[in-house]
Amino acid sequence: MLSTTRPLRIGVLPAILLLVAGCEANPVTGEKELVLFSTEHEIDTGRRHYGPLQQASGGRYTADPELGRYVASVGQSVARVSDRALPYDFVVLNSSVPNAWALPGGKIAINRGLLTKLENEAELAAVLGHEIVHAAARHGASAMNRNLILGAVSLGVALASEDSKHAALIASGTGVASALIDRGYSRADERTADRYGMKYMRVAGYDTAAAVTLQEKFVALSEGREPGWLGGLFATHPPSKERVKLNRAALADFPPGGEFGADRYRLRLAYLRARKPAYDRADKAEKLLDTEPRKALRLLEEAIEREPREALFQGLKGQALARQRRYREAVDAYDAAIRRDAGYYGHYLGRGLAHSALRERAQARKDLERSNRLLPTHLANYTLGRVAMAEGNRTDAKRLFGSARGADGSLGEAASRDFIMLDIADNPGRYIRLIPSGMV
Ligand SMILES: [Zn+2]
């Protein structure tokens, strides 16, 4: 049955009906279910959102590329034994928030902030196995069915967290912003993901006892209310004693006895773990950027000293400098960030803003457009509008201000103000009519 928490939008339904594939057995559970989206559509939805969603969740973790390859190899070993062949892909994201997510079609991400909480490869296989089931069993797609919003739901799942600090900036039209208000998977989906995740990890050779220790750890961490936990994975995968109990009961069907891979995991995580003091300082600095940018800068210098390979620290340093109006130095810091990681929108956005403040318009435009290609943001659009205005290009300026009007808070207000200034000249009649009669 279809249900929706929002009014059905006319215009969406005909598109949905075109995609109806019919009633099919679920590839994982074998249960009959209504399938509205073709596999091609699922894969295409996941593929389209994969890049922007990685960007919006902190970008790739690149300081230790070996780690990404390792996680992908563990993920592929579990995906290979799943009930559904999909173009599975696994990435490590550069965020301290403990989180993992799956998009329809098998696009899966895990944050470094979750990796450092795990103790062995079997626990990693349990996390990835769980996400693989979400993709294989079409949970994202069935959430799409429920909400009648094409492709939006899984993004909401991933972003309903502390990661949403990025989301506040995101422009409409990417399918990401609208997703923030959607809910995640159902409890039944979570139970299915836990159970069949254990099945897959076992077939792949891992000890299923790790799925129990993993859930126990989650419960303990959520009870301790360690910052970040409730906003991260637990927003979408609420831990509970019930889930621990169910996983323990599932050991009867999928008995332990496989590999834990504790030594291997420790070795692969050693580089990242050794740099924890650097990431702790950077996380603290990020919170202080607006209120105490000088203190933030000092912390970031310390972080950089401890981990000179991390692009994120250089980018944050750029932000701390820009907050102090030290734009030339900020550009240098963003240059350093981009030399280390040329694939993250935030570095181009920051450098573009700094160039704009220095009235280096050509460089500003180039960076802001590059940032928008990776992840469209209201802030980039608005600043591009200011650049266009300064160059006397009213048409572009008006279009860009118009699109940035959707932003929250002072940015949206500024964009509206600038848009109206231009629009009054073009359409004076529209504004005269707004003046109440009797006042003219
Ligand atoms: Zn889940």
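Me: In which sense, parallel or antiparallel, do β4 and strand β5 (residues 107-111) pair, and over how many bridges?

Reply: β4 and β5 pair in the antiparallel sense, over four bridges. Strands of a sheet pair through backbone hydrogen bonds, either parallel or antiparallel. Two strands count as paired if DSSP finds at least two bridges between them; strands (E, at least two residues) and helices (H or I, at least four) are DSSP runs, numbered from the N terminus. The model is predicted, so local features need pLDDT of at least 70 and side-chain atom pairs count only at pLDDT 80 or more, whereas totals for chains, interfaces and linings use all residues. Residues are numbered from 1 along each chain as its sequence is written.

Me: Which residues of β5 are the partners of L103 and A102?

Reply: L103 has K107 of β5 as its bridge partner, and A102 stands opposite I108 in β5. Three residues lie between the strands of this hairpin, in which G105 takes a positive phi near 90°.

Me: In what order do the strands of the open sheet lie?

Reply: The open sheet has three strands in the order β3-β5-β4, and its pairing is mixed. β3 (89-93) and β4 (100-103) stand at the edges with a single partner strand each, so one side of each has no neighbour in the sheet. From one strand to the next, the twist averages 20°; axes are lines fitted to C-alpha atoms, for helices over the stretch in contact, and angles between N-to-C directions run from 0 to 180 degrees. The pairing of β3 with β5 is parallel, over five bridges, and the bridge partner of V92 in β5 is I110.

Me: Which helices lie on these strands?

Reply: Helix α3 (residues 65-79) lies across β3 and β5 and runs at about 145° to β3. Helix α5 (residues 121-136) packs on the sheet and touches β3, β4 and β5, with a direction that makes about 25° with that of β4. Contact requires C-beta atoms, placed from the backbone, within 7 Å.

Me: How many residues of β5 are buried?

Reply: A residue is buried if 20 or more other C-beta atoms lie within 10 Å of its own, exposed if 12 or fewer, and partly exposed in between, with C-beta atoms placed from the backbone. Five of the five residues of β5 are buried, so the strand is largely enclosed by the rest of the structure. K107, A109 and N111 cover one side of β5, and I108 and I110 the other. In β4, both faces are likewise covered, with buried A100 and A102 on one side and buried W101 and L103 on the other.

Me: Where is R191 placed, and is R191 buried, partly exposed or exposed?

Reply: R191 belongs to helix α9 (residues 187-203). R191 has 15 C-beta neighbours inside 10 Å and therefore counts as partly exposed. N247 is 56 residues from R191 in sequence, yet the two C-alpha atoms are 9.0 Å apart in space.

Me: At what angle do α18 and α19 pack?

Reply: Helix α18 (residues 345-357) packs with helix α19 (residues 361-374) at about 155°, their axes 8 Å apart. That makes α18 roughly antiparallel to α19, a term for angles over 145 degrees. Residues of α18 in this contact include Y345, L349 and H355, and those of α19 include A364, L368 and L374.

Terms used: Contact = placed C-beta atoms within 7 Å. Parallel < 35°, antiparallel > 145°, perpendicular 65-115°, else oblique.
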